[in-house]
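Q: Can you help me look at the aromatic rings in this one? I'd like to go through them step by step.

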Amino acid sequence: MKQITVFIIFYLVGGVLFGQNLGAIAGYITDKNTKEALIGASIFVEGTELGTTADIDGSFRLEEIPVGSYNITASYVGYRDLTLYNIVINSGNDNIINFDMEEEAIEIEGAEVVANRSISITTGETPNSIQRVSTEEIKANPGGNFDISKVVNTLPGVASNIGVGAFRNDIIIRGGAPNENVYFLDGIEVPNINHFSTQGSAGGPQGMLNVSFIEGVTLSTSSMHARYDNALSSVLQFDQRTGNPNQFQGNVRLSSTELAVTLEGPVKDKVTYLVSARRSYLQFLFELIDLPIRPNYWDFQYKINYKPTAKTTVSFIGLGSIDDFSFATPENSTPESEYIIRSNPLINQWSYTTGVNVRHLIEDGYLNIALSRNMFNNELDKFADGNDGNEDFRTLESRSQEIENKLRVDVNKYKNGWKYSYGATAQYVKYNNDYFDSSFAFDTIQFNTDINFAKFGLFGQVSRRFVNDRLNVSLGTRMDMNTFTDTGMNPLKAWSFRLGTAYEVNDKWKVSASAGTYYKIPIYTVLGFRDENDVLVNKDNDYIRSIHTVVGAEFIPAPKTRITAEAFYKKYDNYPISDKDGISIANQGSDFGAIGNESVSSEGEGRAYGIEMFLQQKLSKNFFGVFSYTWYRSEYTGFNGEYVPSAWDYRHLMSLSVGYKLNKGWELGAKYRFAAGAPYTPFDMDASRAAYAVSGRGVLDYSRLNGERLPAFNQLDFRVDKKFNFKKWTLDIYLDVVNALAFALPNESAPSYTFKRLEDGSDWDTTDGQPLLLDGSNAQPILLRNEDNITTPSIGFIIEF
């Protein structure tokens with residue numbers, strides 16, 4: 001045994017000290033507009049003499065690169081140089097990277113030329129309000145835990161739902177509700193990207209996308225391409241890489257919350273695969289530290305790429321999840337843990353998205369066909385006084401499914417400087433829900449619904465450069481219809497236009513402006529709701545409309561530095577208002593369960609406006625980082641027509657994320673986030689007392705909607721990585737510390753209403769010493785302060801082979 005131990009140590013140490021410590025990159029170089037292979041395009045690694053050229057199919061492979069982090073540039077005659085920054089080379093995996101290059105614009109006479117404008121990510125169709133996060137920025141993000149949803153909140157105008165704590169992944173863009181965003185995975189729409197999601201919204205505590213698949217994430221917060229429907233606030237495009245076409249490889253990641261395995265490689269000459277599975281073990285961790293919640297999830301992801309001919313590429317894409325959210329009575333009961341058990345439903349969910357994307361090259365462009373199906377199954381259960389499984393105490397039961405079958409066909413061309421695309425979409429939707437809810441103090445909602453309908457869309461987008469290529473103009477239009485709502489087949493009801501312009505003052509400065517109209521059909525829980533007479537009362541709702549106006553500027557003082565500033569204004573119309581509460585449902589979606597199971601009227605209005613600034617420094621002298629600041633207001637009306645701050649009206653957002661790469665595989669990172677106090681609605685104390693014994697939660701006083709504010713939110717995370725490169729595999733060990741300032745600056749979320757319990761937690765502490773009455777008249781109401789004062793350190797391991 002001693003000899004074996006010595007051999008293992010010698011092997012590991014020897015691999016580090018005497019191994020070659022070399023890695024490789026591979027990928028494709030194509031024309032961004034036509035997707036044609038750029039044969040003979042050059043690749044070179046910054047700071048070295050290493051380089052190669054692309055093959056006849058645009059593919060390349062460069063080996064024997066010393067391990068480390070590099071900026072890698074592609075160049076081709078007649079095209080702008082394109083640099084991909086902070087590409088990590090290790091000895092375990094080939095790094096698969098792709099270059100989409102644009103033709104070189106005519107040089108502006110008298111301009112001071114910046115050698116490389118790769119850091120600018122605006123496009124002809126989207127000349128402003130666009131940001132991009134690379135896979136390395138996601139992996140190395142302190143406190144991000146490889147969760148893409150947590151990483152995008154470092155970008156300008158992006159917030160998470162801090163009003164209920166920092167653990168949820170609700171993405172709030174420029175003051176809009178979480179369900180105003182749409183998500184596309186390689187052109188296939190994914191309705192939700194989070195585990196334990198809130199039906200009718202989009203948030204949840206944990207993302208389900210595997211970062212090992214992701215090449216980059218593009219966020220468009222305005223000037224959104226006309227091909228995307230239902231986007232009121234943003235479009236997030238997740239670009240997946242292909243599997244390694246040259247050899248089998250993979251990685252195993254063990255983090256503080258999960259175990260993930262990813263495998264990839266070629267199948268003969270024309271097929272590559274990329275597959276993964278992840279398993280949570282949070283339920284065991286929470287049991288160990290005596291927390292009452294037991295979140296348990298699986299997710300699966302795959303991409304199979306098939307290239308039958310030089311002009312045709314077929315991609316099969318899939319994403320699925322299984323979620324179970326339950327509770328257990330802690331050994332040491334506290335008012336807080338009892339509240340958690342009583343206030344949240346048991347959740348059993350599963351979902352999948354599967355699709356095929358066909359891209360065929362045609363003259364001056366390409367044809368794209370995307371066919372997909374997604375399904376979301378949501379089961380919610382809740383029982384009074386924590387009597388789980390006892391039907392006599394049931395207060396909530398929901399068995400719901402959302403199914404979408406989608407087809408999109410679009411033609412994309414670039415000819416004589418004109419870039420244009422046009423196409424059509426068709427969807428068949430099915431939604432059903434068997435719903436019972438008696439948790440309201442004076443009302444019970446019960447209905448069974450099963451609806452199906454079709455949605456159609458037509459779109460077109462065109463862009464062109466003028467004035468010696470200084471002025472870019474983009475124009476798009478889209479028309480949406482559906483067979484369900486009363487006015488859904490009227491093509492003028494959701495006919496939208498968008499116009500964007502950008503002017504290059506010189507090679508460092510660019511100014512831009514855009515305006516556009518965007519529409520979204522009401523959520524399925526609203527459309528499928530039936531009243532006590534079994535009537536679909538919300539069929540008269542209109543498409544929600546958002547009108548965007550944006551002006552901005554971009555400054556590139558150096559090839560690796562980018563500064564942007566924008567001012568925006570969004571105006572909402574036809575926003576659904578709850579007939580029961582009289583408030584906009586734009587304030588909902590931050591809780592577990594579902595929203596929208598009620599009668600609403602599309603009479604609400606809203607507005608969000610502000611300014612945002614962004615500074616980005618790509619990898620330079622081992623340093624990289626981003627800084628963003630946003631000031632904004634977000635307000636919606638109820639039936640009274642008065643604008644009231646929304647639940648997302650944080651006013652001030654700031655984020656700073658930096659990283660530094662040391663020698664010998666060490667890397668340091670830190671992230672600081674700040675948000676001014678989140679608004680919240682106080683409780684109606686009398687109504688809460690009467691309802692709590694049945695519902696397990698207090699009743700909000702909507703006459704004082706969002707009338708109170710929490711203290712400011714502060715969070716500091718930092719991370720330390722150490723990579724060990726062996727001859728054929730890599731070990732990455734990291735320490736991630738979340739909320740390092742908790743001891744000094746604990747973050748508060750909205751208070752919780754409950755009744756006082758006996759010191760031993762065994763029963764309610766009533767005023768008369770008798771059992772708790774259902775109307776709560778002998779209870780002792782208390783408000784719990786919800787503080788996050790815990791710093792969470794974790795150690796993780798990544799093995800690449």
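Q: Which residues make up the aromatic cluster with W764?
A: This is a predicted model. In it, F683, Y692, Y753, F755 and W764 form one aromatic cluster.

Q: And how many aromatic pairs are there in the whole structure?
A: A search of the whole structure gives 30. One of them is F60 with F99.

Q: How are the rings of F60 and F99 arranged?
A: They are tilted. The planes sit at 55 degrees to each other, and the centres are 6.1 Å apart.

Q: Where in the chain are those two?
A: F60 is in strand β4, residues 59-66. F99 is in strand β8, residues 99-101. They are 39 residues apart, so the pair links distant parts of the chain.

Q: Is F60 buried or exposed?
A: F60 is buried, because its relative accessible area is 5% and the cut-off for buried is under 20%.

Q: And F99, buried or exposed?
A: Buried as well: F99 has 0% relative accessibility.

Q: Next pair. How do W298 and F300 sit?
A: They are stacked, with 10 degrees between the planes. Their centres are 6.0 Å apart.

Q: What is the accessibility of W298?
A: W298 has a relative accessible area of 36%, so it counts as partly exposed. F300 is partly exposed too, at 36%.

Q: New topic: charges. Which ring does the charged end of K539 sit over?
A: The ring of F484, at 5.2 Å from its centre.

Q: What about K722?
A: K722 lies over the face of F724. The distance to the ring centre is 5.1 Å.

Terms used. Residues numbered from 1 in each chain as written. Predicted model: local features only at pLDDT ≥ 70, side-chain atom pairs only at ≥ 80, totals over all residues. Heavy atoms only, no water. Phe/Tyr/Trp six-rings, centres within 6.5 Å; stacked < 30°, edge-to-face > 60°. Helix = DSSP H or I, 4+ residues; strand = E, 2+ residues; numbered from the N terminus. Buried < 20%, exposed > 50% of the residue type's maximum accessible area, 1.4 Å probe, protein only. Lys NZ or Arg CZ within 6 Å of the ring centre and 35° of its normal.
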